[in-house]
Amino acid sequence: MSETLLEVKDLRTQFKRGKKDWITAVNGVSFNVNAGEIVGLVGESGCGKSVTSLSVMRLHNERLTKISGSIKFGGKEVLDLTTSEMQSMRGNEMSMIFQEPMSALDPIMRIEDQLAEAISLHNSNMSKAEIHERCVNSLKLVGIPEPEMTLRNYPHELSGGMCQRVMIAMAMSCEPKLLIADEPTTALDVTIQAQILALMEDIRNRRNTGILLITHDLGVVAETCSRVIVMYAGNIVEEAPVKELFANPQHPYTEGLIASVPRLGKRLHRLPSIPGSVPDLSVMPEGCRFAPRCKYAQDSCKQKLPELQTVAEGHRCACPFYRNAREGAQQ
Amino acid sequence: MGKYTVKRIINMIPLLFVISIIIFLFIHLIPGDPARQIAGPTATIGEVDEIRNQLGLNQPLVPQYIKWITGIFTGNFGVSYANKTTVIALLAPRLPITIYLTICSITWSAIMGIIIGVLAAVNRGRAFDLIGMVIAIAGISLPNFWLGLQLMQIFAVNLRILPTGGLESWKGYILPSIAMGAGIMCILARVTRSSMIENLGKDYIRTARAKGLPEHRVIMRHAFKNSSIDVITVTALQIGALIAGSVVVESVFSIPGLGRLLVDSIGFRDYEVVQALILFFSLEYMVINLLADILYGIINPRVRYE
Amino acid sequence: MSDTTANAASATREAEELPKAQSPVRQFVKKFLRRKTAVIGFLFIVFILILAVIGPNITPYDPNAYDYSAILAGPSARHLWGTDEFGRDVFSRILAGTQLSLGTALTASIIGTAAGVVFGLIAGFFGGIVDSLIMRVCDVMFAFPGILLAIAIVAIIGPGITNIMIGVAVFTVPSFARIIRGAVLEVRGELYVEVAQSIGCSSARTMFVHIFPGTMQALIVNFTMNIGGAILSASSLSFLGFGASVTQAEWGAILSQGRNYLAIAPHLVLFPGLVIFLTVLAFNLFGDGLRDTLDPRLN
C-alpha cells in the first residue's frame, strides 16, 4: 500500500447564513487519498463534494465558515496551520483546478504572468530565467504545442480546453503531491474531456501525484479513477474500488445512480431515475438523508443516520440494508 | 496598441466638428438681436451696428463659421466686450489656476475614494463598510457650494486657520479642493466597492488563492487590477462633474479661475468669452476621456483586439 | 455546491427566499422594507412632498414679510432658523420654498426623463440610422461636462426658474436615452417580443405594450436617482444666480443671498443647505434601496 497523502476524518463544514444561523453542507466525512492514486468523489450537485474539496484547501471564506474534524496532509493537520503556512502549502504541495477554465484565469493577465506568479511565490530563490524555463516546461507537460507563444497570450485568446491545460500546468508547476480537480471536464466538449482526463492520468503516472477528482459524471469515474467515494446530502454513502463499485453497488443511492447511466447495447424503454430530489440543506430529514427517496427505507432509517460499515474488502457502505444484506435476508 | 489609439483619436474628430458648430451657433441661438444683447440696453444704434459688424453677424453663416474656426486655430478667440481685451488675454492667466485646482481635487479624491472602496469591499458587511457607505451616500448628496461655504465658515471664519478665498498662498487651494473633490471621492468609493465585490467573487480570485497567493496580493494584483477598468471609466466621467464643480466652487471662494470667469461673463453677456470657455471645457473633457479610453485599452487586453 | 462559500451561501439564501406564491408587489415591498435606510429615505420624501403641498399655508410667518426689528437675527424661539437681511423668517421661507425648489427639480426630471425614454425607445427599437443619429446627438450632449450644458442653455435663454428647469431637463435627456436604449436592446432579444412581432403587432404597439414595460425597472431606479441630481443641479444654478429672483423663496436662492453674510449670520447658509442636502440624501437612499430590491444587476 502506498503512502497516505490526505487523511480526512469526520469533516464538518458549516456556512453562516444569518446571525447564529449555520447550515451544514458537509456532515462528518472521512476518506483518504494515497500517492499516485486517482480517487473519484461523485454525487449530484449540492451534495457537498465541492465544499469538501474547498475545505481541504481551506478556500472557504473563513469568516463565514466553520470547519471541524481533521484534515491531515502529509501527516500535518491542515486545520491547525496558520494563514501563511496554509498559503505556502496551497499551490505548492496541494493544488486545485476548477470547473470553468475560461473564467478561472485572470482575464487581464498574460498566461506567463499567471504561471510565474505561483512559481516565484513558492520558489523565492529562482531567477527570472529559471522561472521562465519552468513556465515553458509546465506547458510542455500538459501537451501545449507552442509554449512560448501561449505564454504571451491572454486567456480570451485560448480555447476552453487550452485554458484547462494551462490551469493544470499552473497547478502542477510546483510539483504538488496532491491535485484536487473540481469538475475539470464538465465545461468542455466531449473530445476535449477525454484529452484532459488522459492528461491527468499521464501526470499521475509520471509524477506519482495523488488526485482527488470531483465529478458528477460516472463515465469519467469509470475511465480514470481507481477508487470512488459517493456522497449524498453532505455524507459519504459508499466507498469502493472502481470496478467493485460498478459491478457490485451496495447503497440504494449508488444503485440508482449507476442504473440511471445510459449504456450501449442495452435497450431500455425508459432510463430509470431516482424519484424526488436532493433535500434542501436547511431542511435535512432526520436519520438517513436518502430515506425519503429510497424504496427500501424502513421506519428505523428515519431515526438514526446510518454509519459507514465495511461490507467487503475496501468497500464501505452507509446503509444497514445494503444489497448484500438485503439479498442475504431474502435467501 | 498604437492602432487602437489612432482609432480613438480619429473617432473623436467628427464629434469635435459638430461640437464646434454648436458652440459657434451659440451666439445665434440667443433670442432677439444678439448684438443688442451684447451691447446692453444703454448702447446706441451705432454701437450695436458696430458690434454686429465686428462679430460678422450680418454675414451668411458658413463664412462666419469658417472665419471663427480659423481664428481659433490661430489663437484668436475674439474680443471680450465687458473687459475690452482679447478673449485669449483673459483666459491665459486663469487657465493654470483652474487646471491646478482640478488636478488637486481629482488626485486626493481619487486616491481616497479608491482606498475607501477597496477597504469597504474587503471588509464587506463590517463596521468600516457600513459606516463608509453611509458617509459615501451622504457625500454624494452634499451640494458642493454648501460644503464649500460650511468649510469656509468653520476653518476660515471661526478657526481662522485657512483663508476665506483667493490664492495668495497654497493654503488657498485646500478648502476649494475639498469642496470640489468630496462628491467625486464618494462616487469613486461606491464604484470601487461594488466593482471589487463583483471581481472578488470571480473564479480567477479563487484560482489566485488556490495558488497560495497572500490575500493582499490576491486583492491588489487580481481583484483591484480588474476593478481599475471600471474605476478609470467612472473617474474620467467624473472629471466632467469636476469641471462643472469648478464653476461653482470658484465662485464660492472668489478664485480667479475659468469657472468664475464663466459665471461673470454670463452675467455681463460677454458671449464671446462664454463661447470660448464652453469650447475649452468641452475640449478638456473630451481629451480626458480619450486618455481614459487609451488607458483602458492598456489595462484591458480584450478591448485592444476588437 | 460547485462554487465558493459566498455563492453557496447566496444559493441557499435564494432557495430560502423562494416565493410562497406571493404577488410580485408584496414580495417587492417585503424585500424593500428590509432595507432600513431606504425606508427612512422614502418616509422623508413623503414628508417633504406633503410639506411641498401644504407648506405655503402653514408657515409661522409670511415668508415675504419684512421685519426691520429683526434683521439677520440668529435662530431663536421667535425665529426658529433666524431671519435674513430683510428680517424675513428663514424657516417660513424655506418651508414656502419647498414647492418651488422641489417642483423645479421634479418637473425637470419628469420632462427630461420622458423625452429621454421616447428617444431611447425609438433608437433601441428601430436601430440603424435612427439609432446612430440619436446616439450621436447624445454623444454631443455628453461632450459638455456635468451641468455645463444646463449652464450654457441658461446663458442663452437667460436666467429664471423656468429656464433652469429647461436646462436641467435637457441635461437629463441623453442619459435616459442611453439607459432606455440599452434596456430595449436587452428586452428586444426576449422571446415574448419576437412572438409579439411574429403575430403581427404594429411597431408602436410592440414598442409600448411589449418593450416599454420591460424597461420599467431600469427606468424607475434611474428616475429616482436622477431626482436627487436634479435638485443639486437646479440649486447649483440658483446659487450661481441664474435662477430665482431675490423676492422668490427658493432654497438655492436663499442660500445664495445668505453667503454674503456668512461671517455674521451663518444660519442663512446652514439651514437651506441642510434642507437641500437632506432632501437629496433621501432620494438617493430611496433610489439605492429601489435599485437593490428591483434590479441587483444594476448594482
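Two residues count as in contact if their C-beta atoms, placed from the backbone, lie within 7 Å. Everything shown here comes from a predicted model.

View 1. The C-alpha trace of chain C spans about 75 × 50 × 35 Å along its principal axes. Of the 299 residues in chain C, 48% are buried.

**View 2. The open sheet of chain A.** Eight strands line up as β6-β7-β8-β3-β9-β10-β12-β11 in chain A, with mixed pairing. β6 (94–97) and β11 (309–312) sit at the edges with a single partner strand each, so one side of each has no neighbour in the sheet. On average, neighbouring strands of this sheet are turned by 25 degrees against each other, direction ignored.

**View 3. Zooming in on β9 and β10 of chain A.** These two run antiparallel, and six bridges join β9 (residues 227–232) to β10 (residues 235–241). Look for A:Val228, which stands opposite A:Ala240 in β10(A).

**View 4. Where chain A meets chain B.** Here 25 residues of chain A are in contact with 18 residues of chain B. On the chain A side, α2 (83–89), β6, α3 (101–104) and α4 (111–122) each supply at least two residues. α4(A) gives the most, with four residues. By type, the chain A side that touches chain B splits into 13 nonpolar, eight polar and four charged residues.

How values were computed. Residues numbered from 1 in each chain as written. Chains lettered and ligands numbered in written order. Predicted model: local features only at pLDDT ≥ 70, side-chain atom pairs only at ≥ 80, totals over all residues. Pairing = 2+ DSSP bridges. Axes fitted to C-alpha atoms, helices over the stretch in contact; angles between N-to-C directions. Nonpolar A, V, L, I, M, F, W, Y, C, P; charged D, E, K, R; others polar. Buried ≥ 20, exposed ≤ 12 C-beta atoms within 10 Å, placed from the backbone.
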